[in-house]
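Please open the model in a viewer and keep the selection panel at hand. The stops below are arranged so that each selection leads to the next.

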Amino acid sequence: MAGLEPLDPYPGSGKPWRCRCVTCEKEVTPRFDGILRGQGGCRHCAGNAPIIPEVAVAIMLKAGMEPLDPYPGTHEPWRCRCTSCGQEASPRLNHIQRGVGCRNCSGYAPIGAELAVKQMLAAGFEPLDPSSGNSTKPWRSRCTAFGHESAPRLSDIRRRGSGCRDCASNAPVDPLMAVRDMHKVGLEPLEPYPGTKEPWRCRCTVCGQEVTPRLGDIRQGQGGCRYCAGNGVAPQAAMKLMRDAGVDPLDPYPGSKEPWRCKCMNCGKTVTPCFNRVQQGQGGCRYCSGTAPVDPQTAVEDMNAAGFEPLEPYPGASWTWKSQCLDCGKVSHPRLSTVRRGHRCQHCAGNALLDSELAAAKMREAGLEPLVPYPGSRSPWRCRCLTCDNVVAPEYGNIRQGQGGCLYCRPAGPAPGAPALVYVITHEEHEAGKIGITGLTTRTDRLAAHERNGWTRHEDKLYRVETGTEARRIEQAVMKILRDVYGIPPFLTRREMPNGWTETFDLQEVRAIEVWRLVQDTACSRR
């Protein structure tokens, strides 16, 4: 076990287990669940063991601190004398190891109120409030040279000799000069000069938009019109893009990532899409695109209006729904989301599978021999693999699209009998989440591949199981809850994510932590 020889019987995965390191022969007490998460075994070999007093004293002396008391421990205050300033201080060893030194030398140590005022006056500040005794807090003061009011920190003044930022050029800013500086970058002030560090309402002479830059930023070359610089979206342009996407805004532009109340120009319903999602081509109206939760009665009415009579309860907008065509009388499995986009009976259109024999022939082409009659394109179809003779249950719809097949022969994904991980990852830019599985012994690291494509790996959302078969069962069970119970469809498209788009979900519909709880609950219920 990670280079450790157990000395006691197994106490449980979350309890300390007394062991002896086979390398250094020292006794340690790691937890087995920590070993499984790769947190190491022997802390002495890893350099995480408690520090002996002699080594601790050497570290303090090297940092310029002479200990005056015995070593109290890594995280406890240790009374020392600074070899530079001669003052007493009580640093912690772990802070010294991170590079924190004498507080007196660095300017962070508390000092008397009288000395603090003298240091502020020497730096050109007249304090307007009493000293708080904390040198790191802002202290309201007036510049003795030009009368500017600010709130510098005494610690900054003691360490760097910082002076008044407003008069760093040794002269106050003339309002006329300030206006001239704004004119140079194409901005026309709409109100009197408020100060170097305050937002100043102006109008861009190029695009005509109203902006609020700061003169200090302008003088440092960082400001200007954010719309002309491509760092902002003009409200008029945002409204035009939303109308082009088929939704008419009902409120002023709230920002690119805030819900924007709009009225769909097609179905007339009120929706709240985010501008950045519409800008990325993800659509405006969720009802017209079929991604919004749908009332079952409304779903039946929509199917009837499209010429279908549902034969089973509403499964969800993105799942197949067994229905009978009101024109030809044949049974098919359309999706409400595609029906809402104008799709009609595939039998009437001549695109339907004629009979189950054609489906069985397609399965045999994929190396699978059906064992039961054709159940439908989106139902598991029990078959025997013609290569390895194992019984599997892929969906015909996946086989027809070139996906799936025998999970024992298929190289992608974890091996059925080998250890595997169930993971939940997120993508900040897409605001999407994904559940997936990967093997621990395969050559291809699927998590690393997702990370290269902008996905974020969460160490607290990795669940290890003994076999790839169990991992796949957990993944499928959670996906069924998301799709059938919650009614949440796949969020990303095949174009946005070629591998794994069917397991994605909208983080505004369900949080990653909620999906992770489903993984844990499903795994525990199968034990």
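The model is predicted, so local features need pLDDT of at least 70 and side-chain atom pairs count only at pLDDT 80 or more, whereas totals for chains, interfaces and linings use all residues. Residues are numbered from 1 along each chain as its sequence is written, and side-chain values use heavy atoms, with hydrogens and water left out.

**The whole chain**

Display the protein as a cartoon: its secondary structure comes to 20 helices and 25 strands (DSSP runs numbered from the N terminus, helices being H or I of at least four residues and strands E of at least two). Of the 527 residues, 35% count as buried (under 20% relative accessible area with a 1.4 Å probe, protein chains only; exposed is over 50%, and partly exposed lies in between).

**First stop: Y10, W17 and F32**

Select Y10, W17 and F32, which ring pairs link into a cluster. The structure holds 12 aromatic pairs (rings of Phe, Tyr and Trp, the last by its six-membered ring, with centres within 6.5 Å; planes under 30 degrees apart count as stacked, over 60 as edge-to-face and the rest as tilted).

Next, select the open sheet of 3 strands, whose order is 16-17-18 with antiparallel pairing (two strands pair if DSSP finds at least two bridges between them). Its edge strands are strand 16 (308-310) and strand 18 (331-332), each pairing on one side only. Strand 16 is joined by 3 bridges to strand 17 (residues 323-325), where S323 is the bridge partner of P310.

Select helix 16 (residues 356-365), in which A359, A360 and M363 are buried. Seen down the helix axis, the buried residues fall within an arc of 100°, so they line one face of helix 16 (the arc is that of the directions from the helix axis to the C-beta atoms). These buried residues pack against strand 19 (368-370), strand 20 (383-385) and helix 17 (396-400). The face turned away from the buried side carries the exposed residues E357 and E365. After helix 16 comes G367, with a positive phi near 85°.

Which order do the strands of the open sheet of 4 strands have? The order is 24-22-23-25, with antiparallel pairing. Strand 24 (462-465) and strand 25 (504-506) stand at the edges with a single partner strand each, so one side of each is left without a neighbour in the sheet. The twist averages 20° from one strand to the next.

Select strand 22 (residues 420-427) and strand 23 (residues 432-439), which 8 bridges join in antiparallel fashion; H427 stands opposite A432. Helix 19 (residues 468-485) packs on the sheet, touching strand 22, strand 23, strand 24 and strand 25.

Strand 24 is joined to strand 22 by 4 bridges, and L462 stands opposite Y423.

Notes
Axes fitted to C-alpha atoms, helices over the stretch in contact; angles between N-to-C directions. Contact = heavy atoms within 4.5 Å.
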